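Dear colleague,

I am handing over the structure below, and I would be grateful if you could look through it alongside my notes. The notes follow directly after it.

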Amino acid sequence: MNVVLCADEGYARFGAVVMASAIANASHPEWLRFYVLTPGLEEVTAERLREMVSKSGAALHIIDVDVQALQGLPAGRFGIAALLPLLMHRYLPEDCERVIYLDCDMLVLGDLERLWELPLEGHVVAAAMDLCNPSSKHTRRDPDNYFNSGMMLVDLQAWRRESVAERALEYLQVSETARYPDQDALNEVLEGKWYRLEPEWNFQPTAYSAVEKRYAHLTEYLPALKAAIRYPRIVHFIGAVKPWHARCVHPFQDDFIVYSTLTPWPIEKSALRSTLPWGRRIRLLLKQPKIRRRRRLARS
């Protein structure tokens with residue numbers, strides 16, 4: 001199973017959590033072959049990643065990417081590393097006919113083998129719909145048919161054959177409206193050519209609000225969203241506040257922290273909280289009942 005992540009030095013430790021959680025939940029961890037595409041990692045960071053993965057029997061290949069082709073393209077707050085997935089076909093070996101791509105702000109709670117074996121039925125990628133709230137859905141041409149690119153099952157042969165990345169890069173060169181650069185570009189290029197996965201494979205926090213507030217534009221998806229809340233297979237920490245931030249209120253933050261202890265960079269929640277002023281700590285305490293209520297819904 002080929003699993004691709006993209007990380008710079010700042011995100012490598014969080015990509016380590018993604019890999020550690022995938023390994024911990026794999027029936028056959030020795031089948032996992034990780035590829036980390038990077039604009040550059042410190043040697044000590046790369047060595048720690050290799051040591052962590054090798055202990056499980058899985059394999060890790062760290063590949064330095066020439067980002068010259070991405071210079072000048074809009075990357076926004078995400079940084080140039082966010083565009084690296086568009087170059088994966090240039091750096092992965094020819095025997096990589098299919099890959100699972102994962103963002104570094106994710107947590108794998110299910111066996112990726114089930115995702116790996118899903119048929120693509122002639123589509124270039126399989127992905128889950130990007131969930132948006134009522135106010136942001138109006139900014140999209142067709143929100144029901146817009147996928148989140150944080151997790152993709154990719155037919156890399158078709159990706160190469162249809163010049164997906166090259167066309168996406170061309171789109172970014174002329175686009176003045178791309179809010180999520182790589183995601184917007186891939187949706188433009190792959191319109192009608194992606195296979196819809198259940199939201200459990202890219203569990204997004206908007207699912208909670210959609211179910212609790214019964215968002216009208218997501219009514220037909222509520223059964224699938226409820227199922228995803230009960231058993232998310234891949235949790236996606238979408239948004240500016242991540243589980244390694246002190247202000248995080250995501251119900252799965254504690255899970256992320258637990259899996260971080262399997263990496264060379266364990267996170268201490270108490271240390272995170274200690275960085276907050278008292279007013280912010282009190283506000284977090286007031287949110288705990290809501291966090292616990294949502295957390296209890298998982299696997300209930």
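By the rule used here, two cavities of 30 Å³ or more were counted, a cavity being a set of points on a 1 Å grid over the protein atoms alone where a 1.4 Å probe fits but cannot get out, with lining residues having an atom within 4 Å of a point. Grid points are joined across faces, edges and corners, and a volume is the space filled by probe spheres set on the points.

Please keep in mind that this is a predicted model, in which local features need pLDDT of at least 70 and side-chain atom pairs count only at pLDDT 80 or more, while totals for chains, interfaces and linings use all residues. Residues are numbered from 1 along each chain as its sequence is written, and side-chain values use heavy atoms, with hydrogens and water left out.

The largest cavity holds about 40 Å³ of space, and its lining consists of Leu5, Ala7, Ala12, Gly15, Ala16, Met19, Val36, Leu49 and Cys104. Helix α1 (residues 12-24) contributes the most to this lining, with four residues; helices (H or I, at least four residues) and strands (E, at least two) are DSSP runs, numbered from the N terminus. Eight of the lining residues are nonpolar, one is polar and none is charged, where Ala, Val, Leu, Ile, Met, Phe, Trp, Tyr, Cys and Pro count as nonpolar, Asp, Glu, Lys and Arg as charged, and the others, Gly among them, as polar.

The second largest cavity holds about 30 Å³, and the residues around it are Met129, Asp130, Leu131, Cys132, Pro143, Asp144, His217 and Leu218. This lining divides into five nonpolar, one polar and two charged residues.

Leaving aside residues up to four places away in sequence, Leu186 touches Leu86, Phe147, Ser149, Met152, Trp159, Val164 and Ala168, contact meaning heavy atoms within 4.5 Å.

Finally, Lys242 lies in the loop between β9 (234-236) and α10 (253-260), and counts as buried because its relative accessibility is 7% (buried means under 20% relative accessible area, exposed over 50%, partly exposed in between, with a 1.4 Å probe and protein chains only).

With best wishes

Note on methods. 1 Å grid on protein atoms, 1.4 Å probe; cavity = no way out; pocket = protein on both sides within 12 Å on 5 of 7 lines; lining within 4 Å.
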